[in-house]
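This report is meant for a reader who is meeting the structure for the first time.

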Amino acid sequence: MIKFSDLKLVAVLGGVSLFCMQHTLQKYRVDYGEAVEQYKKPSQYWPKPSVDEGVNWKEFEAIEWDSNYYDTQEIPEVMLGKKLFFDPKLSSSSQVSCSSCHNPELGWGDGQEVALGTDHLQGKRNTPSLFNIAYRLSYFWDGRAKTLEEQLVGPISAHNEMNMKPEKLAGKLSKLKEYRQLFKEVYQSDKITFDQIARALATFQRTIRSQPSKLDKFMKGDYKAMSDKEIYGMHLFRTKARCMNCHYGKYLTDESFHNIGLTYYKREYEDLGLYHITKNSDDTGKFKTPSLRDLDYTAPWMHNGLMDDMHGIVSLYNSGMQMINPTPEEKKADPNFPVTDHLIQPLHLNEQEMDAIVSFLKSMSGSYYKMPRPEIPRK
């Protein structure tokens, strides 16, 4: 028989357990209150971000719905560019198209660490997304192309991508009556040239834009579009986490180049980045700052595609990324020894703060493309 005293003891112990549980939950509960309320007003009234002297930062800016998107897709030059983009005949093997590495359903990337091209040859760098490509100031992770038309030559001609000689591509497409007709309609010329091919491809790609995310809706006055946790993450992003030193403005990039400490110098994944283009030792290990829009659709990340977890990336930045900086003696002996950018510093974020930042990063994803493939000319 259970005695009343036993039930009383169970009740007391249960109360103690409940108190301990509540105390534990309270200990890890984050109070977003004051920081969050500061942001529920126009951005000109937000707290100033934590940026270093000399950084020409710009406040976040909302993007608009592309209300002309469907009309734009009907423009003849755009339609021609789209056919070319999805046509594997642009490769020497007729098996690899631009869309093989830039799949609209994979955030206009390929979902792989590095690109996979002709004969299943792998590249060395992660495929960048094409979101908002019209607004980039340079192209490739090392910025070696200054226009989108110039950039197109790279993947088309690279032996481990499409492996097609540009001077031969026009002749290959000229054998197809439908392409001859399409090019004549667009460019009023019977002769197909590589410059025309590049123009059409670039024109189509400039229509690939992000659509508004929760962040954009929030900035336009819908203060319920983001959760308190996401807003707090934005506050940390702008202040304690120092992210605004490199990621700001409408597209969350400074369009510049930085060594964030991931050059793998003299190791398996070594890549010296911008140095390969400029041959300037100060550029060793620098890579272009990517946009942070639509991150949820563009994994894996970094120039080598080795990171597929946002929490892991935030943890890396939290550490300060100062793993392999040279001593003065080492730098003197080897001028190309990479030095991590001074903007990268230990952040001292706790787990709850890092989790809030990840939530904010996810709130910048507003686009998901399920683009129907166009009919490709066959004859």
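A cavity, as the word is used here, is a set of grid points where a 1.4 Å probe fits but cannot get out, whereas a pocket is an open set of points. With that in mind, a search of the whole structure, which is a predicted model, finds one cavity of 30 Å³ or more. The lining of this largest cavity includes Leu106, Gly109, Asp110, Gly111 and Gln112, together with Asn126 and Thr127, and it also includes Tyr297, Thr298, Ala299 and Pro300. The second largest pocket is lined by 15 residues, and the closest to its centre are Tyr69, Tyr70, Gln211, Tyr369 and Met371. The table sets out the volume and the lining of each space.

| Space | Volume | Nonpolar lining residues | Polar lining residues | Charged lining residues |
|---|---|---|---|---|
| Second largest pocket | about 310 Å³ | seven | four | four |

In soluble globular proteins, nonpolar side chains tend to be buried together. In this model the largest nonpolar core has 44 residues, and those with the most contacts inside it are Phe60, Phe218, Met234, Phe237, Phe360 and Leu361. At least two residues of this core are supplied by each of helix H2 (33-37), helix H10 (214-219), helix H11 (228-238), helix H13 (310-319) and helix H15 (351-362). The largest share, six residues, comes from H15. A second, separate core of 41 residues includes Leu152, Ile156, Ile197 and Met371, and Met371 is also among the residues closest to the centre of the second largest pocket.

H11 is mostly covered, since nine of its eleven residues are buried, namely the run of Glu230, Ile231, Tyr232, Gly233, Met234, His235, Leu236, Phe237 and Arg238. What covers these buried residues includes H2, H10 and H15.

Finally, an annotation can be set beside the computed picture. An unreviewed UniProt entry places the feature "domain: Cytochrome c" at residues 76-184 and 228-365. For residues 76-184, the end C-alpha atoms lie 11 Å apart, and the span is 38% helix and 0% strand.

Methods: Residues are numbered from 1 along each chain as its sequence is written. This is a predicted model: local features need pLDDT of at least 70, side-chain atom pairs count only at pLDDT 80 or more; totals for chains, interfaces and linings use all residues. Side-chain values use heavy atoms; hydrogens and water are left out. A nonpolar core is a set of buried Ala, Val, Leu, Ile, Met, Phe, Trp, Tyr and Cys residues joined through side-chain atoms within 4.5 Å. Buried means under 20% relative accessible area, exposed over 50%, partly exposed in between (1.4 Å probe, protein chains only). Helices (H or I, at least four residues) and strands (E, at least two) are DSSP runs, numbered from the N terminus. UniProt positions are given in the numbering used here, feature names are shortened, and annotations may be inferred rather than shown by experiment. On a 1 Å grid over the protein atoms alone, a cavity is a set of points where a 1.4 Å probe fits but cannot get out, and a pocket is an open set with protein on both sides within 12 Å along at least five of seven lines; lining residues have an atom within 4 Å of a point. Grid points are joined across faces, edges and corners, and a volume is the space filled by probe spheres set on the points. Contact means heavy atoms within 4.5 Å. Ala, Val, Leu, Ile, Met, Phe, Trp, Tyr, Cys and Pro count as nonpolar, Asp, Glu, Lys and Arg as charged, and the others, Gly among them, as polar.
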